[in-house]
Amino acid sequence: MLANNREDIEARRLRVLLIDECHLLWGDVTGYVWGKTDQEIAIKVVNERDKQTYYGAVDYQGWQVTS
């Protein structure tokens, strides 16, 4: 699909996003947080049975991250 639309992508008439999601289940948060490896990320866990889904995308042209 990308190869078929290469001309439009390079001309910036078509935007390509690389989309991902992360599912956090409290009590299982180790290893599932996105962030820089040299910075601590703290997550307050109020109820270990709670869960949360995070979504993010990277713009293929500018490599900008959105969430």
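This report covers the fold, the surface and two residues of a predicted model.

## Overall fold

The chain has 67 residues. Its secondary structure comes to one helix and three strands. Read from the N terminus, the order of these elements is α-β-β-β. Helix H1 covers residues 6-10, and strand S1 covers 17-25.

Take the contacts in the chain with a separation of 6 or more: 54% of them join residues 24 or more positions apart.

## Burial and surface

Of the residues in the chain, 12% count as buried. The accessible surface comes to about 6,300 Å². Carbon and sulfur atoms hold 49% of that surface.

## A nonpolar patch

Three residues form a nonpolar patch on the surface: Leu-18, Tyr-60 and Trp-63. Together they have about 330 Å² of accessible area.

Leu-18 sits in strand S1. Its relative accessibility is 40%, so Leu-18 counts as partly exposed. That class lies between the buried cut-off, under 20%, and the exposed one, over 50%.

## Arg-12 in the loop

Arg-12 belongs to the loop that runs between helix H1 and strand S1. Its phi is near 65°. That is a positive value, and the residue is not a glycine.

Arg-12 counts as exposed, because its relative accessibility is 60%. The cut-off for exposed is over 50%.

Notes
Residues are numbered from 1 along each chain as its sequence is written. This is a predicted model: local features need pLDDT of at least 70, side-chain atom pairs count only at pLDDT 80 or more; totals for chains, interfaces and linings use all residues. Side-chain values use heavy atoms; hydrogens and water are left out. Helices (H or I, at least four residues) and strands (E, at least two) are DSSP runs, numbered from the N terminus. Buried means under 20% relative accessible area, exposed over 50%, partly exposed in between (1.4 Å probe, protein chains only). Contact means heavy atoms within 4.5 Å. Accessible areas come from the Shrake-Rupley method with a 1.4 Å probe; for residues, only the protein chains shown count as cover. Patches are made of residues with over 30% relative accessible area and no salt bridge: like charges are joined within 9 Å, nonpolar side chains (Val, Leu, Ile, Met, Phe, Trp, Tyr) within 5 Å. A salt bridge is a side-chain nitrogen of Lys or Arg within 4 Å of a carboxyl oxygen of Asp or Glu.
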